[in-house]
Amino acid sequence: MQLSKNIQNAIFFWMMGISLLVWVLLLMNPGNIMTIEHCKVPTLALCSGSETVSEATSLQMLLNLNPLTSQLMGWGVMIIAMMLPKLIIPIESIYLQSLKRYRFRFALLFVLGYLSSWMFAGIFMTAIILGLNLWFPLSYIPAIGVGLVAAIWHCSPIKQRFLNLGHNHWNLPAFGFPAFRAVFFYGIMHGVWCVGAGWVLMLFPMLLPEGHYLAMFAVTFMMISEHLEHPRPLRWYFDLRLRLLKIMIDLAKMKLVRTCLYDFR
Amino acid sequence: MIFLRKNVWNNGGTFDNTNLLWYAKAVGVMKSKPISDPTSWWFYATIHDEYLISLPREPGLDYLRWKNIASLPQDKLAPLPPKSQIDMFWKQCTHSSWFFLPWHRGYLAAIENILRDIITKELGGPSDWALPYWNYLKVKENQNQLPPAFKQPLLEGKPNPLFVPERYGNDFSDLNDKCQGEISFSIYGGPTNNINGAIENNPHGFGHDAIGSNNGTQDGIMGHVPTAALDPIFYLHHCNIDRMWAAWNQHGNNNPTDSKWLTSFEARKPFAMPLDKAGTTWHYISKDVTSTNIIYYGGVPYQFTYDDLSLFSDAKTKVLAPTDALTLRLDRLNPNLDSTKITKKRVNPNAELVGASGSPLQLNSGKTETKVKLDTSSWGKVGKSLLGASATKLPNEVYLQLEGVKGTAEVNILSVFVNHELIEKVSLFGLNVASVSDGHHGGAGLTFNINITHLIDKLHLDGKFDVNDLDIQIETKRPLQVGGKITIERIGVYRSKQ
């Protein structure tokens with residue numbers, strides 16, 4: 001069965017629209033929620049006015065400058081901006097298989113479940129980001145280290161397993177409390193598979209002292225691309241999984257070649 | 001030049017049909033080449049799918065691994081081609097998908113050209129040779145059986161390249177071409193990337209099932225996706241499916257205009273066929289093969305057609321033209337209607353769930369029963385549409401959808417009964433591959449759409465429309481083998497506004 005084109009378009013434009021709006025918000029960086037603030041002097045110790053301070057004091061200062069709540073808020077905003085486009089297909093699936101009066105509520109519950117998984121992961125991720133910034137302030141070393149882990153993870157069969165699971169669109173109950181529970185749980189599990197596939201990629205831009213918006217954009221493109229790949233057998237894959245880019249290049253090439261030979265209908 | 005594809009049953013389906021004789025000889029040449037050659041029979045079979053480097057999900061199906069199939073020449077199956085060619089070409093087949101028809105059209109065009117090259121350049125045959133098709137729906141002419149040329153073990157004193165010992169079925173009675181009466185591609189060829197179209201189910205899946213059914217201990221190779229294309233009858237079966245699609249278009253039915261279909265954007269792999277021994281690649285998309293005038297085959301236009309483009313072949317099929325069927329339906333629902341005002345049925349897919357089953361249903365051998373609960377308010381909308389049916393306010397159509405059909409018992413047919421009336425039969429061809437979580441369906445299983453509008457109209461006219469649920473029975477054609485399992489995650493009922 002198929003949803004009407006109007007409903008499909010509405011889902012697409014709402015998800016893309018919200019994502020774009022939140023991207024704008026991200027770029028404005030209100031209250032510095034998207035960046036880790038450091039003292040403008042080389043070390044935290046000098047910043048405190050004394051020659052030596054304990055690590056606990058340094059952490060306290062870092063947390064004063066970057067309250068955990070605002071960091072988590074930044075994390076949540078980033079997840080919404082980067083991940084909503086990936087939820088278009090599961091939301092279409094939920095709309096199609098739900099009673100009309102439940103469609104919006106189920107979609108909302110699914111998104112909430114999905115975001116819950118990412119926010120739970122965000123607690124640990126934010127701690128890692130703050131910790132690495134404490135030990136390596138304004139340094140590229142954490143980003144390089146995490147980038148290496150990301151490269152290994154990216155090729156691993158474990159990541160492929162998470163990506164495959166993300167393609168499993170559930171058949172949901174239609175009636176009563178079991179339906180509400182199932183769709184929320186579906187959202188949580190879809191989030192878990194997404195975190196499993198993308199956690200280390202998401203860390204990378206946050207650890208860059210500079211240029212992390214550009215990195216975030218690249219990571220978003222990469223994550224949407226790998227989401228477009230179909231499930232594959234579990235093994236090491238040494239490719240970038242840039243399917244979106246490949247499709248765009250292939251279509252452009254085909255169009256170019258055909259325009260020379262025939263009119264591309 | 002326009003190549004003409006002809007009926008394999010010309011000259012009785014024997015080797016007196018020279019078109020078929022050339023096919024056999026060229027298949028023999030392809031079979032003599034090793035799998036490392038992209039123009040070999042074995043390489044072309046892997047393009048569909050394979051159990052050569054992939055393994056069956058169930059150990060009980062190990063006999064389908066290519067190394068265990070007795071009739072395959074194992075020396076031709078090694079060494080393997082380079083990994084880049086495996087990644088590019090192997091395991092592309094698109095089943096349970098709206099890409100099923102376009103992908104297979106390109107696949108046939110590619111192998112037809114490889115075969116013609118062999119026939120003209122190596123065997124000195126005719127340059128206008130084209131693939132034959134097997135129209136098993138010509139029941140009156142007794143063409144609903146395997147052509148004799150495929151049954152004889154020898155040809156000119158040597159092993160017959162068309163003979164495959166792992167074919168066990170000969171019951172073609174379930175095949176029909178009712179699909180040809182559909183007017184919307186979303187029903188005919190599939191609505192999206194993961195739902196079977198009507199033609200994919202019957203006759204396509206039923207054809208695989210009929211030839212590939214079990215001999216008591218093992219399934220035939222045509223019954224499973226990763227082994228089917230090893231059998232030379234496979235290409236003639238698909239040629240007939242392609243002929244039916246061409247006929248369906250010829251009779252005024254349209255292919256999708258959705259850019260996702262035209263650009264094959266959601267396909268699991270880019271459609272790619274090797275054109276020669278070097279592996280020169282033909283990339284194509286659905287848009288290239290929407291007609292039998294392929295617009296870009298390896299850089300040049302390529303045209304073919306069929307000697308028979310009749311919409312229906314099966315004398316048993318009783319399908320009215322869409323406008324007539326609609327007029328008849330409206331006349332039944334509203335006898336006072338001025339049927340001269342009815343013009344053409346609109347095709348505007350817009351589905352809404354009106355009922356669903358509860359927990360997943362595990363099937364047993366024979367019949368298994370369940371109920372689909374109907375939602376009062378949504379079901380009421382169907383009732384209203386039936387009550388208010390007119391030439392301008394077309395009544396809803398109602399569909400039963402088997403969702404998430406998963407399992408291991410692949411070569412089987414399910415008969416679906418609603419309120420004890422047989423509604424439809426569905427083939428489980430592709431069940432194993434669709435149920436594997438790391439396979440290209442992501443473990444989603446198969447999904448089947450069944451139009452139950454006539455049954456709902458009857459309930460309405462009999463004054464029995466106000467029901468809370470529908471009784472569903474699912475019956476397996478063959479007993480499940482030991483360890484064989486089939487589950488249906490949900491059965492949904494949908495209304496479709498016209």
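Let me begin with a definition: rings of Phe, Tyr and Trp (its six-membered ring) pair if their centres lie within 6.5 Å, with planes under 30 degrees apart counted as stacked, over 60 as edge-to-face and the rest as tilted. This is a predicted model, in which local features need pLDDT of at least 70 and side-chain atom pairs count only at pLDDT 80 or more, while totals for chains, interfaces and linings use all residues. Residues are numbered from 1 along each chain as its sequence is written, chains are lettered from A in the order in which they are written, and side-chain values use heavy atoms, without hydrogens and water.

Over all chains, the structure holds 38 aromatic pairs. In one of them, the ring centres of B:Phe43 and B:Trp90 are 6.1 Å apart and the planes stand at 80°, so this pair is edge-to-face. B:Phe43 belongs to helix α2 (residues 41-48) of chain B, and B:Trp90 to the loop between α3 (83-89) and α4 (100-122), so the pair ties together parts 47 residues apart in sequence. Helices here are DSSP runs of H or I with at least four residues, and strands are runs of E with at least two, numbered from the N terminus.

Are these two residues buried or exposed? Buried means under 20% relative accessible area, exposed over 50%, and partly exposed in between, with a 1.4 Å probe and protein chains only. B:Phe43 is buried at 0%, and B:Trp90 is buried at 1%.

A second pair joins B:Trp282 and B:Tyr297, whose ring centres lie 4.6 Å apart with planes at 70°, so it too is edge-to-face. B:Trp282 is in strand β5 (residues 281-284) and B:Tyr297 in strand β6 (residues 293-297) of chain B, so the pair ties together parts 15 residues apart in sequence. B:Trp282 is buried, with 0% relative accessibility, and B:Tyr297 is buried at 8%.

Both residues belong to one aromatic cluster, whose members also include B:Phe3, B:Trp98, B:Tyr133 and B:Phe304. Over the ring of B:Phe3 sits the charged end of B:Arg116, 3.5 Å from the ring centre. For such a contact, NZ of Lys or CZ of Arg must be within 6 Å of the ring centre and within 35 degrees of the ring normal.

Finally, chain A has 11 helices and zero strands. Of its 265 residues, 51% are buried.
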